[in-house]
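Subject: Structure for you to look at

Hello,

Here is the structure I said I would pass on. Please open it first, and then read the notes below it.

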Amino acid sequence: MLILSSPSGAGKTTIARRLLELDPDIAMSVSATTRPMRPGEVDGKDYHFVDRPTFDAMVEANEFYEWAEVFGNCYGTPKAHIRAKLKQGQDTLFDIDWQGTQQLYQKAEADVVRVFILPPSIEELRRRLTGRGTDSEDVISARMARAQAEISHWDGYDYVVVNHDVDDCYTQIAQILAAERLKRARQTGLIGFVRELTRA
Ligand SMILES: Nc1nc2c(ncn2[C@@H]2O[C@H](COP(=O)(O)OP(=O)(O)O)[C@@H](O)[C@H]2O)c(=O)[nH]1
Ligand SMILES: Nc1ncnc2c1ncn2[C@@H]1O[C@H](COP(=O)(O)OP(=O)(O)O)[C@@H](O)[C@H]1O
């Protein structure tokens, strides 16, 4: 479970999309949200876009692995998807905030890798949110106001990457993923392989 968190606008969606495009062995955990869809987003791919009563019913039915309220909207990680992916041994990518990260870590510590993405500066963060062109000035202000609070959780992550340049940031996160996949405990089948090697 590879988690990417950052203040809004630092670039986690950009990096996540590239990872999904270039690495066939990782799939996205698609969250449910009550936030309005942005231009270019696809329902069922970027998020499952639901209204508040539907989200509340999902909470009531215990359908979320974790959920949180961010910027006045609700976001939740559906259980069904995670269970199926983990069972298949499929790596899963999460774009969730620090609250969701803590909950996932408490539930599945050994399976979780936490990466925090920082912007090069606060001015650049504002430029990226404005340049994205998906949010009103009010929404951008709310996201900027929350940025410091988000950044304050940087020390709850295993890795921290500063997103100066998309290519460099992507490469660094792909390297983290490659190294984590090589951890002994994650290499299923290794015991049998080594036993075979040393049998003679
Ligand atoms: N806890 C939790 N946070 C989520 C989930 N899905 C998205 N988020 C977080 O909600 C925040 C807002 O996401 P979004 O509205 O897409 O804006 P973005 O930060 O600009 O990508 C981000 O910090 C996301 O990481 C989820 O299922 N659970
Ligand atoms: N290294 C970078 N340099 C310049 N612009 C970037 C960089 N990374 C992302 N962006 C741009 O900044 C905006 C916000 O990125 P996005 O991936 O949507 O952030 P987040 O998902 O963290 O909110 C987008 O328009 C994206 O194209």
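A helix here is a DSSP run of H or I with at least four residues, a strand is a run of E with at least two, and both are numbered from the N terminus. By that rule Pro53 belongs to helix α2, which covers residues 52-60.

Two points on how to read the rest. This is a predicted model, in which local features need pLDDT of at least 70 and side-chain atom pairs count only at pLDDT 80 or more, while totals for chains, interfaces and linings use all residues. Residues are numbered from 1 along each chain as its sequence is written, chains are lettered from A and ligands numbered from 1 in the order in which they are written, and side-chain values use heavy atoms, with hydrogens and water left out.

Ligand 1

Which residues come nearest to ligand 1? Of the 20 residues around ligand 1, they are Ser31, Arg35, Tyr47, Glu66 and Tyr75. A residue is counted as near a molecule if one of its heavy atoms lies within 4 Å of it.

Some of these residues also make polar contacts (pairs of N or O atoms within 3.5 Å; within protein, one must be able to donate a hydrogen and the other to accept it, and residues adjacent in sequence count only if both atoms are side-chain atoms). Ser31 has a polar side-chain atom 2.7 Å from an oxygen atom of ligand 1. For Arg35, a polar side-chain atom lies 2.5 Å from an oxygen atom of ligand 1. Glu66 has a side-chain N or O atom 2.7 Å from a nitrogen atom of ligand 1. On its own, ligand 1 has 570 Å² of accessible area, and the protein covers 99% of it. Such areas come from the Shrake-Rupley method with a 1.4 Å probe, and for residues only the protein chains shown count as cover.

At least two residues of the shell around ligand 1 come from each of α1 (12-22), β5 (64-70) and β6 (73-78). By type, the shell around ligand 1 has six nonpolar, six polar and eight charged residues. In this count Ala, Val, Leu, Ile, Met, Phe, Trp, Tyr, Cys and Pro are nonpolar, Asp, Glu, Lys and Arg are charged, and the others, Gly among them, are polar.

Ligand 2

Around ligand 2 there are 15 residues, of which Gly9, Thr13, Thr14, Arg132 and Asn163 come nearest. A side-chain N or O atom of Thr13 is 2.4 Å from an oxygen atom of ligand 2. A backbone N or O atom of Gly11 lies 3.0 Å from an oxygen atom of ligand 2, and one of Val166 lies 3.3 Å from a nitrogen atom of ligand 2. The protein buries 77% of the 570 Å² that ligand 2 exposes when taken alone.

Which helix gives the most to the shell around ligand 2? That is α1, with three residues. Both α1 and α5 supply at least two residues of this shell. The shell around ligand 2 divides into three nonpolar, eight polar and four charged residues.

Single residues

Asp135 sits in the loop between α5 (122-132) and α6 (137-151). Is Asp135 buried or exposed? Asp135 counts as buried because its relative accessible area is 18%; buried means under 20%, exposed over 50%, and partly exposed in between, with a 1.4 Å probe and protein chains only. The side chain of Asp135 makes a polar contact of 2.9 Å with that of Arg132 and another of 3.2 Å with that of Thr134.

Pro53, in α2, has 58% relative accessibility and so counts as exposed. Pro53 and Thr34 are 19 residues apart in sequence, and their C-alpha atoms are 9.4 Å apart in space.

Val42 lies in the loop between β3 (32-33) and β4 (48-49). Its relative accessibility is 41%, so Val42 counts as partly exposed. From Val42 to Leu104 it is 62 residues in sequence and 25 Å in space, C-alpha to C-alpha.

Last, the backbone angles. Most residues other than glycine have a negative phi. Asn62, in the loop between α2 and β5, has a positive phi near 60 degrees. Phe71, in the loop between β5 and β6, has a positive phi near 50 degrees. Phe71 is partly exposed because its relative accessible area is 26%.

Regards
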